[in-house]
Amino acid sequence: AGSREPGAGSREPGAGSREPGAGSREPGAGSREPAFGSREPAFGLSSEWLLENGEPFVDGLVLSHPEQLERLRRACPEAEEAAVLAGDPCFDRMLAARPYRERFRRALGVRRGQRLVVLNSTWNPEGLFGNGGGQDLLPSLLPRLAAELPADEYRLAAILHPNIWQGHGPGQIRAWLDRARRSGLTLIDPMHAWRQALLAADIVLGDFGAVSYYAAALGIPVLLAAAGQERLDPEAPLAAFVRESRRIDPHGSLRAQLERALAEHRPLAGPAEFTSSAPGASAGLLRRHFYALMDLPEPETPALLEPLPLPSYDPPRRTTPLRVRTRVDGADIVIERSVQHPYGAEGDVHLAVQEETLDPGSLELADVIMREGRPDDPRFGSPEAWTAEVLRRHRHCAAAAYTTGPDTCTVRVRSHGLFVLSAGAGADADPAAYASSLCVWLAAGGRVPPGGTTIRVHTAGSPHQVVVLPVTTR
């Protein structure tokens, strides 16, 4: 029962075909999307999809709410006898997994103080990954989000409908989104990890598809970038959700709009009400129906849904150069990093570049060159050897930083020496930010005594106590 997502019995077409599953994640069995601007019955609830020779050809048409049953009566009364009100197993699995939200966030590499922005698109020409209602929003939104949102304060992930992956192919999707991925965007597995990513989200930037509706039902703030109003029956709950939801202004500050939506969020009542009339009970209702179809006695054991698995650890792989803005006040360093121009912090700017950047020419402009890896990786000798090699090769670079763990890195600063930085167990910031902070602190006159010192790095709204120990080299 747990494997049958809402809409598994619907036949919402994709790209002109009649492929089952095109609407397989839509609350309400894909039943809320009529043909363009018409009042015709929605896909999945019309006689075209439910009858053969005037009779229902399904043994059970699973609906999640009486509202859908009423729509079925109006659109195709002949199929009413096959209707089964059985809640929403997909929604129930998410409700059951809510206690594990922090684990799902850590699986995506979301650090303490970061906000996870999930972009999502349904399978539709008017969806966010389509032309967004004729505006082609996604190609313009992605680079702006990367530029406007500080890297240490925001994390970006994208949930694309399975038919987008199927229709264009995984290689093409990754190629189209390569620039965004190098800026830190994670593409979520569309079959096995989208629910976990949704539960981990702080805010969803999406369209009129099921993921946005589920997010609203879970109480997550939603900003619509593509409304698709003309595709929706104005009497449907989904249309009401679209009318009531906040819209993104593509010409305004994206960061300001996200922060305003988070600060002023008030959950909408409609999505939580209409997603399921039996939250938490779908497993039992579905099993009862299945055993009745087989004319078998139902087991006495509880009916249970498969729990959502914990996804693999998938932190961002950000190889695009970062502009780093810093302000030094004694032992306190305020730092903000972004792909283009950081906001909200005064001070000097320097360039931090991953050694594995796509553009090797940017290494010649870098003030800080970074790498992540094991301290015993034989390819680089050691963090001490790698940092020395980098400064020899790049004469204009001020520092080289080798991150060896979630809270530690080795930094060689030209004219100052080699240091090990550690924020201690439980710290939750990118050690590369500590390295940039140390560089500007030393440039501002800071000194590290033989026994070491402590600096306070302020990033993502939180201070981090970073111990700086000098390394004596032979």
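How much space lies in the largest pocket? About 650 Å³. The model is predicted. Eight cavities reach 30 Å³ or more.

**Largest pocket**

- The largest pocket holds about 650 Å³ of space, and 28 residues line it.
- Closest to the centre of this pocket are Arg 111, Pro 315, Pro 316, Glu 372 and Asp 430.
- Strand S14 (368-372) and helix H16 (431-443) each give at least two residues to the lining of the largest pocket.
- The lining of the largest pocket splits into eleven nonpolar, seven polar and ten charged residues.

**Second largest cavity**

- The count of cavities of 30 Å³ or more is eight; the second largest cavity has about 90 Å³ of space.
- This cavity is lined by 15 residues. Leu 149, Tyr 154, Leu 156, Ser 183 and Arg 318 are the closest to its centre.
- Helix H5 (137-148) and strand S6 (154-160) each contribute at least two residues to the lining of the second largest cavity.
- S6 provides the largest share of that lining, with three residues.
- By class, the lining of the second largest cavity has ten nonpolar, three polar and two charged residues.

- S6 and S7 are joined by two bridges in the parallel sense. Ala 158 sits opposite Leu 187 in S7.

**Helix H5 against helix H12**

- Which residues of H5 and H12 meet? Leu 141, Arg 144, Leu 145 and Glu 148 in H5 meet Leu 254, Arg 255 and Leu 258 in H12.
- The residues of this contact are four nonpolar and three charged, with no polar residue.
- The axes of H5 and H12 (residues 254-263) come within 9 Å and cross at roughly 80 degrees.

**Helix H10 against helix H11**

- Helix H10 (residues 210-217) and helix H11 (residues 237-244) have axes that come within 11 Å. The crossing is at roughly 75 degrees.
- H10 and H11 are therefore roughly perpendicular to each other.
- H10 makes the contact through Ser 212, Tyr 213 and Ala 216, and H11 through Pro 237, Leu 238 and Phe 241.
- Five residues of the contact of H10 with H11 are nonpolar, one is polar and none is charged.

- Strand S18 (residues 453-459) and strand S19 (residues 462-471) pair in the antiparallel sense, over seven bridges.
- Arg 456 stands opposite Gln 465 in S19.

Definitions and conventions:
Residues numbered from 1 in each chain as written. Predicted model: local features only at pLDDT ≥ 70, side-chain atom pairs only at ≥ 80, totals over all residues. Heavy atoms only, no water. Axes fitted to C-alpha atoms, helices over the stretch in contact; angles between N-to-C directions. Helix = DSSP H or I, 4+ residues; strand = E, 2+ residues; numbered from the N terminus. Parallel < 35°, antiparallel > 145°, perpendicular 65-115°, else oblique. Contact = heavy atoms within 4.5 Å. Nonpolar A, V, L, I, M, F, W, Y, C, P; charged D, E, K, R; others polar. 1 Å grid on protein atoms, 1.4 Å probe; cavity = no way out; pocket = protein on both sides within 12 Å on 5 of 7 lines; lining within 4 Å. Points joined across faces, edges and corners; volume = space filled by probe spheres on them. Pairing = 2+ DSSP bridges.
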